[in-house]
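Here is a short report on one protein chain.

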Amino acid sequence: MKRRLISLLLLCVGVCMSAATAAAAAATDRDSCSGLMERKYANVTLVSAVFIDDPKGFDAPETPGMFGTPPGLKVMMPFCRVTGFIKPVPESRIGFEVWLPPAEEWNERYFAVGNPSFEGAIKYQGLTRALADGYAASSTDTGHQDPGHKWATGQPEKLIDWIHRAVHETAVVSKQLIQAYYSRSARYSYWDSCHNGGRQGLESAQRYPGDFDGIVAGDPAIYLSRLQTGSEYLGWVALKDGTKSPSYVPPAKYPAIHRAVLDACDEKDGVKDDAIEDPTRCKFDPAAIQCYGPDKPSCLTAPQVETVRRLYEGAKFADGTQIYSGFEPGSELLWNALIAGPEPHSINNDFFKYIAFENPDWDFRTFDVDADTRDIEARLGPIIDSTQTDLSAFKNNGGKLLMYQSWTETWIPPRMATVYYSDVVKTMGGENQTKDFFRLFMVPDYGMCPGNQGGFDALNTVRKWREEGVAPDRITTTYRDGGQVYKTRPVCPYPQAAIYKGSGDTNDAAGFECGIPTW
Ligand SMILES: [Ca+2]
């Protein structure tokens, strides 16, 4: 009996002490959090700093837009939530939030969440994920709160905020808040985002090389002025004469075109798997499925053959030089959003209405790809294009840049990624001077954003590169259908591709090596 009492007492001492320690830690976190309101930073207004520790969870605010935060997002761990805004110039109002995990849970790293499209909103999903992984994380609304493009009309300073200033200013204040909250700075800072978020990452490497130690730029909108005209051109080709026109290609025909492309090119890479490893080596003529008899879903009429040819060719100036690449062979099942109609995608069309021409009545049928590209590139290119190829400041800072691009992406036609990479190699003095800090991975047959949509873990790959010096020589990508894994395949640093060794399971990455294709 006496022994039992002693052991109960000992148990109580252990449990009670750890409970007391936890309570003390929570109190310290709470005080450190509210104490942040005393801080003063240039151009920054702190609106709130509240330690959230609710057993029922924290309900993240809902935000509108195609990529907004849906209702019902709950955060189930305690954190210090800081909200505020930054005014680097009088016209700016850059909203931001910084979420700080309790000191004991912090992984000693800072992560900044990227933004999709032209939307202005805090990205609560990204903050929630980063917090769960132990990061001190930030998100900015990019300087406006509008799910569309109208915010930019007549607001050149807000355009600069959206392009690069909001991410930079948010990184600066986030690092200051991290230092104030934990009494030490983050050991490393990271960026990992896709599409517009990939573009934001490149802007950081180019303009603010000290902001991040590791950057993942996925399917990046690098050359925005030409990406917009090039994509609008695809919509214009497909839709200028209306969806009743003989040249219109209805979505019901995309599968037949896709099948014909695979029949022509799938086996060129040595593996018959309904996938094209490198679409630039696929020469496909849509006349291969031109209707001989009456029109039906499995063939293309003569005017449709002409439309599809132009979609693959992409936008060109009147003298024949390429403005931007078109759809890649193999991407046909993802054409819907851009060319199904009746109008081009709003992400492109509204750029012309509210940013390029500032005329809400602008009609895409009046689009002139040669003249409009020259005009927009001259006026807006210097502000919105992320094409600077001298990355030596980022490199000298120890930065690592992992860029990836899906070959079947249609929102961001993929070849510009290879052009940008090759241009950086030239500027940096060669392949060897580039691959030690910047590698590009072209990913076949994945749709969108493979590096942060489950194909592979891009963030931890760049972390390992930066922190342990392990450069990615190949990245195993996992392909799923309805959640079920059906294939793993290496993706390789460009210009290499995955080459089948000639034996073994073609659905297993082990059967492939990285090399320069000879097919
Ligand atoms: Ca193949």
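## A helix pair

A crossing is called left-handed if the near helix is turned anticlockwise from the far one by less than a right angle, and right-handed if clockwise. By that rule, H5 passes H9 in a left-handed crossing. The model is predicted: local features need pLDDT of at least 70, side-chain atom pairs count only at pLDDT 80 or more, and totals for chains, interfaces and linings use all residues. Residues are numbered from 1 along each chain as its sequence is written. Helices (H or I, at least four residues) and strands (E, at least two) are DSSP runs, numbered from the N terminus.

H5 spans residues 224-239 and H9 spans residues 346-356. They pack at an angle of about 115°, and their axes are 9 Å apart. Axes are lines fitted to C-alpha atoms, for helices over the stretch in contact; angles run from 0 to 180 degrees between N-to-C directions. H5 contributes Gln228, Ser231, Glu232 and Gly235 to the contact. H9 contributes Asn348, Asn349, Phe351 and Phe352. Residues are in contact if their C-beta atoms, placed from the backbone, lie within 7 Å. The contact residues of H5 and H9 comprise two nonpolar, five polar and one charged. Here Ala, Val, Leu, Ile, Met, Phe, Trp, Tyr, Cys and Pro count as nonpolar, Asp, Glu, Lys and Arg as charged, and the others, Gly among them, as polar.

## Two domains

Domain 1 covers 26-221 + 387-515, and domain 2 covers 226-384. These bounds come from an automatic or database domain assignment. The domain centres, taken over C-alpha atoms, are separated by 29 Å.

In the interface, 27 residues of domain 1 are in contact with 30 residues of domain 2. On the domain 1 side, helix H3 (156-182), helix H12 (415-428) and strand S16 (497-500) each supply at least two residues. That side has 15 nonpolar, nine polar and three charged residues.

## The sheet

Nine strands form an open sheet with mixed pairing, in the order S1-S4-S5-S7-S6-S8-S9-S12-S13. Two strands pair if DSSP finds at least two bridges between them. S1 (44-52) and S13 (438-443) are the edge strands, each pairing on one side only. Neighbouring strands are turned by 15° against each other on average, direction ignored.

S4 and S5 run antiparallel and are joined by seven bridges. Isoleucine 86 has isoleucine 94 of S5 as its bridge partner. Arginine 81 stands opposite tryptophan 99 in S5. S5 also pairs with S7 (residues 136-140), again in the antiparallel sense, over four bridges. There, alanine 137 of S7 is the bridge partner of tryptophan 99.

## Cover over the strands

S5 (residues 94-100) has seven of its seven residues buried. Buried means 20 or more other C-beta atoms within 10 Å of a residue's own, exposed means 12 or fewer, and partly exposed is in between; C-beta atoms are placed from the backbone. One side of S5 carries Ile94, Phe96, Val98 and Leu100, and the other carries Gly95, Glu97 and Trp99.

Helix H2 (residues 124-132) lies across S4, S5, S6 (109-112) and S7, at about 170° to S7. H3 lies across S1, S4, S5, S6 and S7, at about 35° to S5.

## Threonine 83

Threonine 83 sits in S4 (residues 79-86). Why is threonine 83 partly exposed? It is partly exposed because 16 other C-beta atoms lie within 10 Å.

Threonine 83 touches Val47, Ser48 and Glu97, leaving aside residues up to four places away in sequence. Valine 47 is 36 residues from threonine 83 along the chain, yet their C-alpha atoms are separated by 5.5 Å.

Methods. Two residues are in contact if their C-beta atoms, placed from the backbone, lie within 7 Å.
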